[in-house]
Amino acid sequence: MKKLLWAFILSVLLSKTDFSPSYNIIVNDTPSEIEGREDLMGRLEYLNLLSQDPKTGEVPQNIRQLELQFDKQLLQDTRNLRTQQLSVSSLGPNNVGGRTRAVAFDVRNENIILAGGVSGGIWKSTDGGNSWVRKSDPENRNSVTCIAQDTRPGMEDVWYHGTGEIVGNSTSGGAAPFRGNGIYKSVDNGESWQPIASTQNETPQFFNSHFQYIWDIEINPANELQDEILVAAFGGILRSVDGGESWEVVLGRSLLDEVDTADFNQANASYYTSLERSGNNVFYAGLSTETPLGDTLEVPPPDAGIFYSINGNDWSEITPVTDESRYQRIVIGSSPSNPDITYFMIDSSPILILEHRLSLLADPQRVNGFDPEPRKIPKFDENLGILNTQRSYNMMIRVHPDDPNIVYVGGTNLFRSTDAFRTEENIDWIGGYNPEGGSSVYPNHHPDQHDLLFLPSNSNVALSASDGGLRLTSNIVADSVMWQSSNNGFVTSQFFTIAQSKTSGNPTVLGGMQDNGTDLSSGDLNWEGIIGGDGSYTATTKDDVLWFAAFQRGQTLRLTLNDENDITSFARVDPGGLVAQQGSIYLFINPFALDPTNQNRMFFAGGSQLYYHPNVSQIPGGSQTPTSLGWRNVYSIPLANGLISAIEVSADGQKVYFGTSDGKLFRLDNALFEPDFQVTSIQSNVFPENGYVSSIAVNPEDNEHLVVAFSNYNVPSIFESHDGGASFTDISGNLEENADGTGNGPSIRWVEIIPKTSTDLILAGSSVGLFSTETTAGTGTQWVKESSDLIGSAVVTMMDYRSSDGRLVIATHGNGVYETFIDDFKPISFQPEMANFNVLSTYPNPFVENANIQYSIPEAGEVRVDILSTSGKLINTILWGPQFAGTNTVTWDGTTPSGTSLTNGIYLYRIRYNGQQQSGRLLLRR
């Protein structure tokens, strides 16, 4: 059986790279950079850990479809219970789009654009992308992978979109592919959408349908008598001539007649397929040698290769043949100005760019019409500049409508060639990551390319689709291409985390997004970028004096911002060096928590150890190197297994609860009395074994009342304790299909306890939306869905509640952020004990490694702490920054600002606050 490669390009072999590019964040307009690096594989590993069935170590196959069906049944079963009570509104971001693979102009009116996010649904613009309105039902499948319009006269109101993303989707987690549920159709120009029944899967517990992964859809406008649709789906090219009522496989492996219980994971069928219709109505298709079986087969599937058809039904192979190669995805771009010319980009090793001319099939200088001239793969820098598809995650090739030699290819970057990539000299970088190294992004553009469209009335105006949504340029052939956002209400951003201002009435929100960094809103629906990378945990302090933002794998920054939300100072504050020393790692999205009574006190998940810092304002600024200064272990023995995955500090600061990725739960009882921390294991025999603790909620007015969530599938998910963890009750209730947690119940990502004057409200953010209950009754607890009309079945990843004014902000992975104000909320606030400005203690003293100076201040304010010689000479300023009312602690390690260790002896400390001063002595004895 034949294997495929193009012999004439073997001389241009390139090494394949899995290097993940990074963002560049300029601090205060200086050359200093805080580097953040997108880590696709790290993200998938994290999501797999979050979602997997702990018994099998795998995310259940097809769980997204199954949990959505479960959710619909749950809505029907609970419609007579308490009605939803939260009035929810969107907070945007209107200017930050999420991962977008599907976009198209209406052929009758180029100001009408339809676009879809892979986890954000279908959106429509009627003003050229200046504004967008969601058109798909929030409760339907949010996955949109491709879109096509019926362009025949009189049929232009008919549109189709495909679902199901086989690689890269992060909605349901990790290694589990995000299977779709067929094709949706609109007959009113995208205003409403209904699934095509023949493409729906009646046995969703199995991977047994071509239509669970749709790559491309094309309409055949030449067929005036029939509604002919061609679809690139898993395994091959499918064709319908009756608008989707019936189908046949016209190219590839036909699996339509397989039994309902068949498992396509074992099929020798192409994993990736592609489809393109040229301007002269010739269809091109590409079928990968990659199958669900990976490299376990000695031979690829028999139908792999490149093909063309002049009628959509009969196909001819045009693959140049040897017996050497395998490849993954193929993307295709046809030239509008010369439809005989088509370009193919093949994700093999090396990546290939090939030109094909249909009119020269019989040319002896060509192989089946392919030009034997090797094309130049963009490779300006061996790490970032190479054309990187991230294992077929991002790929595109397009041809300028007016010139077949102007070709655009995209991976993480976007490149343009004016001679079809024949020479390196004519290749320009016009989008995505900087190919010259570093971590910057092309101005106003975004990495990870998926499509490029040209305006019909002006072919130099182009619309780019990427993991950052949509960008528009007025001149795609300019020497310097200028981009502007066309997101403008295309709310498809994928949030991991969210936090809001601590000040009552302040609208400010800060959140971390997949592949879009950490952004901030001061009440505007258009958010402002703060740092890049994959946005992780965020926080702010009283009066928003300090901000904390992190990117992937625990890199956490302390920031100050000016009135325009520009960064004015920064410091990396996480204990990365200590984590590395203990041989552990951070989670991809790594938690930390601030003490609500003093937001300079931080508890940080350091892999197998929980770390504590008494005063993160003391950590020196201006560096992106992690420091160990001031950090200490909360408990002496690291975890034997698992990583710390969730942390919650009680509203009074007295208790800290933390959980792990292997189902362990702990309580720190005397959190305000460091350094004598006491940690208690609070395990329960009702907890799922080896489950992932995704969230812990503590009642703001009762630190013994907590709710714990486990995010795994096939386990009980939500547990409640009223005695600080001495005992727990399973309150998963109707969020589980079966009492033991098995079945198709959703993954629970976040929980909140909200005290009201009448009763407590408990909220659960899940992989199918937001749920609430006012009465817990063990496994009989009834949860009711909130905001089915807006949040719908979007994944709710995190919430942040402000008890001073009842404001709740809700982050989703696919449809941005929402807010609501709780009716009948109970205002709760804890004030620190009144204290004078005094030194409380110094310990240890004498000291060998570190000395701690503990002092109190009556109100928040700026504090300076100096170390002096006995003669009064300044040796080191160990703190000059904001401090909060109550008890504060600073640490000195017996060094100068440069890190030079001082000799043994007596040193003085001096604390200045609000025009007052306190001082004392420290004895260094190494």
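Visitor: Are Trp-892 and Tyr-907 buried or exposed?

Guide: This is a predicted model, in which local features need pLDDT of at least 70 and side-chain atom pairs count only at pLDDT 80 or more, whereas totals for chains, interfaces and linings use all residues. Residues are numbered from 1 along each chain as its sequence is written, and side-chain values use heavy atoms, without hydrogens and water. With a 1.4 Å probe and protein chains only, buried means under 20% relative accessible area, exposed means over 50%, and partly exposed lies in between. By this criterion, both Trp-892 and Tyr-907 are buried.

Visitor: How many aromatic pairs does a search of the whole structure find?

Guide: Rings of Phe, Tyr and Trp (its six-membered ring) pair if their centres lie within 6.5 Å; planes under 30 degrees apart count as stacked, over 60 as edge-to-face and the rest as tilted. The search of the whole structure finds 29 aromatic pairs.

Visitor: How many residues apart in sequence are the parts that Tyr-586 and Phe-604 tie together?

Guide: Tyr-586 and Phe-604 are an edge-to-face pair, with 5.5 Å from centre to centre and 65° between the planes. Helices (H or I, at least four residues) and strands (E, at least two) are DSSP runs, numbered from the N terminus. Because Tyr-586 lies in the loop between helix 3 and strand 39, and Phe-604 in strand 40, the pair ties together parts whose separation in sequence is 18 residues.

Visitor: How many residues apart in sequence are the parts tied together by Trp-892 and Tyr-907?

Guide: The ring centres of Trp-892 and Tyr-907 are 5.5 Å apart and their planes stand at 70°, so this pair is edge-to-face. Since Trp-892 belongs to strand 62 and Tyr-907 to strand 63, the parts tied together are separated in sequence by 15 residues.

Visitor: At what distance does the side chain of Lys-124 reach the backbone oxygen of Asn-189?

Guide: Lys-124 is located in strand 6 (residues 121-125). This lysine, Lys-124, is buried, with a relative accessible area of 7%. Its side chain reaches the backbone oxygen of Asn-189 at 2.7 Å.

Visitor: What is the relative accessible area of Gln-390?

Guide: Most residues other than glycine have a negative phi. Gln-390, although not a glycine, has a positive phi of about 50°. Gln-390 lies in the loop between strand 22 and strand 23 (396-399). This residue, Gln-390, is buried, and its relative accessible area is 6%.

Visitor: What is omega near for the peptide bond from Ser-349 to Pro-350?

Guide: Most peptide bonds are trans. Pro-350 is in the loop between strand 21 (341-348) and strand 22 (352-357). The bond from Ser-349 to Pro-350 is cis, with omega near 15°.

Definitions and conventions
A polar contact is a pair of N or O atoms within 3.5 Å; within protein, one must be able to donate a hydrogen and the other to accept it, and residues adjacent in sequence count only if both atoms are side-chain atoms.
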